[in-house]
Amino acid sequence: MQRDDLDITFFAQPDSPPIRWRIAAAPVPYEEAVAVMEREAAAIAAGEADELVWLVEHPPLYTAGTSANSDDLVIPDRFPVFQTGRGGEYTYHGPGQRVAYVMLDLKRRRQDVRAFVAALESVVITTLSSMNVRGERREDRVGVWVRRPEKPPLADGSPAEDKIAAIGIRLRRWVSFHGLSLNVDPDLDHFDGIVPCGIRGYGVTSLVDLGLPVMMADADIRLRQAFEQVFGPLVNETA
C-alpha cells in the first residue's frame, strides 16, 4: 500500500489530554536536544508526562541516521557531525530551518510506523498548502517535495523537483522522537556538504527560495494548525 493510501487518523482518544506545544526561544545545541527528547520520551512512555511537539532551531550541523553512507558526507570538516539513532541518512540542520521534534505515544493512537510517517508528511503538506505551495510525497523518497518546472529537467528527462522537508523518526516503547524539518529560510549552500538523505540528482529548496517572504513565526502558526488537523488539540507550554 502506498503512503498516499494510508489512513493517517492519529487523533488522540477523546479523554486524552492535549499535546504540549513548545517553541524554543533560542537555538538549541543538538546534543542538548537529544537529551531532552530522551528524557521526555521516557516520561511519556511511563505515563508521567503528556505528549509533546517541540519546535527548535539548531546551530549549523549534520546528522547521520542509522542508514547513513559515509560517502554521502561530502565535506566532513564543514560542520559538526552527530551520529543519531533516528532512521534515514545524512541531514542538515541550521538557522532558518524549523525542526519539529515529535514525541507521541503511538500506543494511544495506532502502532503503524508507515502511517505515522505519512501523517508527519501530511502535516508538512497541509502547512505548505496554507501558503499556496503544493508539497508532494514520493513513494521511493521519504519527505516532502516541490516541483520546479522553471529549472532544467533531471538527467533522465523528468521534471526537476526539490526537497523542502525531511522526515526522520525513532520509536522506543512506541513513543516517537526526532520528527521533521521544514526549510523556511536556511542557507541552502550548507546542504552542499552532504548528499541530503542519500538522494542524488535532486535539489533542496525553502519557502523563501520559492519566493515566499515567510518569517519563522509565520511558519510556526501554519505548522500548529496542521498538527492540530492531523494529531488533535495542542496546548502552549513555555520552553
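The largest pocket here has a volume of about 380 Å³, a volume being the space filled by probe spheres set on grid points joined across faces, edges and corners. A pocket, on a 1 Å grid over the protein atoms alone, is an open set of points where a 1.4 Å probe fits, with protein on both sides within 12 Å along at least five of seven lines. The model is predicted, so to speak of local features takes a pLDDT of at least 70 and side-chain atom pairs count only at pLDDT 80 or more, while totals for chains, interfaces and linings use all residues. Residues are numbered from 1 along each chain as its sequence is written, and side-chain values use heavy atoms, with hydrogens and water left out.

**Pocket lining**
- The lining (residues with an atom within 4 Å of a point) has 24 residues, and Gly-87, Gly-88, Val-142, Ile-167 and Gly-168 lie nearest the pocket centre.
- Strand 9 gives the largest share of this lining, five residues; strands are DSSP runs of E, at least two residues, and helices are runs of H or I, at least four, numbered from the N terminus.
- Strands 5 (90-93), 6 (97-103), 8 (141-147), 9 (161-172) and 10 (175-183) each supply at least two lining residues.
- By class, the lining holds 11 nonpolar, eight polar and five charged residues, where Ala, Val, Leu, Ile, Met, Phe, Trp, Tyr, Cys and Pro are nonpolar, Asp, Glu, Lys and Arg charged, and the others, Gly among them, polar.

**Nonpolar cores**
- A nonpolar core is a set of buried Ala, Val, Leu, Ile, Met, Phe, Trp, Tyr and Cys residues joined through side-chain atoms within 4.5 Å, and buried means under 20% relative accessible area with a 1.4 Å probe, protein chains only.
- In the largest core, of 36 residues, Leu-120, Leu-182, Phe-227 and Phe-231 touch the most other members.
- A second, separate core of 21 residues includes Tyr-30, Met-37, Ala-43 and Val-99.

**Ile-19**
- Ile-19 sits in strand 1 (residues 19-23) and counts as buried because its relative accessibility is 2%.
- The C-alpha atoms of Ile-19 and Leu-234 are 4.6 Å apart, although 215 residues separate them along the chain.
- Beyond neighbours within four places in sequence, the contacts of Ile-19 (heavy atoms within 4.5 Å) include Glu-51, Leu-104, Arg-109 and Phe-231.

**Helix 2**
- Helix 2 is mostly covered, with 12 of its 17 residues buried.
- Among what covers those buried residues are strand 7 (136-138), strand 8 and helix 3.

Notes. Buried means under 20% relative accessible area, exposed over 50%, partly exposed in between (1.4 Å probe, protein chains only).
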